[in-house]
Structures are given as structure tokens and as C-alpha cells.
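My notes follow in the order in which I looked things up.

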Amino acid sequence: MERILTGDRPTGPLHLGHYVGSLRNRVKLQNEYDTFIIVADIQALTTHWENPELIRNNVREVTLDNLAAGLNPEKTSIFVQSMVPQIAELTVLFGLYTTVSRLKHNPTIKTEAKLYGFTDMTYGFLGYPVSQAADILFCRANLIPVGEDQLPHVEVTRFVARRFNELYGDVFPEPKALVSEISRLIGLDGNAKMSKSLGNAIYLKDDPKEIKKKVMSAVTDPARIHKTDPGHPDICTIFAYHKAFNKVEIPEIEDSCKKGTIGCVSCKKNLIKKLEEILSPMRERRAEFDKPGLIEDILIAGTDKAVEAGKETMALVREAMHTNYWKER
Ligand code: ATP
Ligand code: MG
């Protein structure tokens, strides 16, 4: 069985952007692939090193979001990055042959550095794509369902795997990104990316009242003042959400918006109904999993499986690099 590795930074609750960008594919593919989901606490600390408490609190939150979205812990291993020491080992090894200039040219790093105001980047932040290569390669994953912002990082991972194999011998597959149809969901404020760090998100755990409030106040086409004004769906946030969550009605909505025969209020109400169809079963599953000790048990079992996979990979790596000085004792 081929493997999937993907995951999230525990910096806050997951939102609809995560759902369309990666979660929806994770849930669908867990039956066909041996699936590992990483809760990337160390990667989160590369931007939030001053606030470890925030990351700690969100480990449970993000795990619960994944379970609520439909991941089955019997099939899928959800684990905590920092509890798998082989990932840290591989990060050091992959750093041996990955140059600084390759990392500096990464467009996602540049965007995020600006976002966080990092003028003098730390070694850990600049190098997080190398650490992410270790997140993916420790279990020799083949497929990575991710949003568009992750593509430059996947390229680093592919380089790391390819170069390792050239230098030391064939150990790693060259994994592929799986980008969903909606690879970047825009934010409620019209910002290019719905993001937990930008506060422009509809969270999977939001209740119906919050969802209604957020959708009703979302930015639409500013040229439409009256219901009968012709609209420009291409620049409308709500239309982008219909594309992601209500694909069947797209031609009809596009047509009536352009003609000015449908108002923004009823268009928004329609979207709220469609979102509820997705989010209300998530609320039910969330309630099932949100019990004392259960999340911890799921994470411990998932992390045990990850460590097992990490040990297998490290044995191959040591053999290839001739660092197997003695047998593991
Ligand atoms: P942070 O601001 O902490 O980086 P984030 O919202 O970017 O948070 P991540 O945990 O970094 O979330 O990303 C997890 C996964 O979700 C990645 O595969 C990422 O590409 C995807 N993703 C995040 N935001 C979106 C979005 N708005 N649209 C599509 N995919 C997204
Ligand atoms: Mg991110």
C-alpha cells in the first residue's frame, strides 16, 4: 500500500481553507492509502517559538478537527511531530547537502517572512522546508495532499529525496503533491488566503450562528449596491465559496448574478445552507471524539506507529550512509 503524509501546524483551529485544500482529500483517500497525519508542532514553533503554550493547546484542537472532518483513527495514524525523534535526525542529515540559496529563493518562505515581519530570519525558520522534507520522508510517503502554498516545499522534499538517493543509495521515493481543485480558498475579507493567522476564516468548529454572521458580513462585489445591479462573480468572495462547496449550482448563480436577478443576501443564505450540510455532520463527530483521554489515546497510538516507521527508515538511512556502526541495542 502506498503512503500519504500530510498535516497541519497547531497554530489555531482548522478552517474551510484546510478542508478544501487538504482535509477533503485526506478523508477520501484514507481507504486507499496508508495515511499518516502530522501535527507539526516543531514547524509551528519556527514562527511561534515565544509562545509554546499556544502550540501545546492547539495540538488537541487540530487533532479533533481532523477527526471531526472524517478521519478514522482505525485507518489513519495521527501523530505529534516532536514525539518522533527520527524526524529530527533526518532534518540534520538532509541539511548536510541542501544549500542556503535554495532555501532563500523559496517563494512561500518569502511571503511568510514578510507576514511575520522576519527581516533577520532564524536558521530554524529558513530551514523549515528541510524539516518538512523529514516529516514526509521519515515514513517514505508517496503522496502529499496539500494546498498551493506548499508546492515550493514539496519541491524541496523531492530534491532532498532525489539527492539523498544519488549520494548514498536508493532509500526514498520521490513523493508527489496532490493539489485539490480549489488549491487556495480566499479569506472572508477578500484576502488571497483564508488563514488562521489572518483572522479571516470560517472554522470547522464554528456554530451555525457564527457562520451566519461571518457569511452575511463577507465582502462581495463592491459594484453591486442594488440587487438589480449586474454583478461580477469573479471578484466575489461568496462566489468563490460556492465554487468550493456548491459546484452544481455554479452556472445558475453565475448567470443570475451577472444579470442582476439574484441578490447578494439570498446568494449568501444559499451558501450558508450548503456549508451547514458539510459542517453539521462534523459537529456530531466532534462530540463523539471530544471525551476525556480519547484524543490523547489516539495520538499516542498514531505516534507509536510513526516511530515504528521512522525506525525502519533510519535503519536504511544508516546503512546507506555507512553510519550503522553497531546494531541498535
Ligand atoms: P499558519 O498560518 O499557521 O501557517 P495555515 O492556515 O496556513 O496556518 P497550515 O497548518 O500551515 O495552515 O496548512 C495546513 C494545510 O492546509 C496545508 O496543506 C495548506 O496548504 C492548506 N491550507 C491552508 N490554508 C489554505 C487555504 N486557504 N486554501 C487551501 N488550502 C489551505
Ligand atoms: Mg501555513
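Entry 1, second largest pocket. I asked which element gives the most to the lining of the second largest pocket. It is α4, with five residues. The model is a predicted one, and I read every entry below with that in mind. I then listed the elements that each supply at least two residues of this lining: α2 (41–48), α4 (85–94), α5 (100–104), α7 (123–126) and α8. For the space in the second largest pocket I noted about 460 Å³. The lining has 22 residues, and those closest to the pocket centre are T91, Y123, G127, V130 and S131. By class I found twelve nonpolar and ten polar residues in this lining, and no charged ones.

I took down a volume of about 990 Å³ for the largest pocket. Its lining runs to 43 residues, with H18, E112, D149, Q150 and K193 closest to the centre. Two or more lining residues come from each of β1 (3–8), α1 (16–29), α6 (107–116), α8 (128–137) and β4 (143–146). I also checked where the largest share of this lining comes from, and it is α6, with six residues. Sorted by class, the lining of the largest pocket holds 15 nonpolar, 18 polar and ten charged residues.

How many cavities of 30 Å³ or more does a search of the whole structure find? I recorded one. The space in the largest cavity is about 110 Å³. I counted 15 residues in its lining, and R224, C236, C257, C264 and C267 lie nearest the centre. The elements with two or more residues in that lining are α11 (237–245), α12 (250–259) and α13 (264–289).

I looked at α10 (residues 208–216) against α13, whose axes come within 10 Å and cross at roughly 145°. I logged the crossing as right-handed. On the α10 side the contact is made by P208, I211, K212, V215 and M216. On the α13 side I listed V265, K268, K269, L271, I272, L275, E276, L279 and R283. The residues of this contact divide into nine nonpolar and five charged, with no polar ones.

I looked up the domain assignment, which gives domain 1 as 3–185 + 291–321 and domain 2 as 208–286. Taken over C-alpha atoms, the centres of domain 1 and domain 2 are separated by 33 Å. For the contact between them I wrote down 13 residues of domain 1 and twelve residues of domain 2.

Key: Residues numbered from 1 in each chain as written. Chains lettered and ligands numbered in written order. Predicted model: local features only at pLDDT ≥ 70, side-chain atom pairs only at ≥ 80, totals over all residues. Heavy atoms only, no water. 1 Å grid on protein atoms, 1.4 Å probe; cavity = no way out; pocket = protein on both sides within 12 Å on 5 of 7 lines; lining within 4 Å. Points joined across faces, edges and corners; volume = space filled by probe spheres on them. Helix = DSSP H or I, 4+ residues; strand = E, 2+ residues; numbered from the N terminus. Axes fitted to C-alpha atoms, helices over the stretch in contact; angles between N-to-C directions. Left-handed = near helix turned anticlockwise from the far one by under 90°. Contact = heavy atoms within 4.5 Å. Nonpolar A, V, L, I, M, F, W, Y, C, P; charged D, E, K, R; others polar. Domains from an automatic or database assignment.
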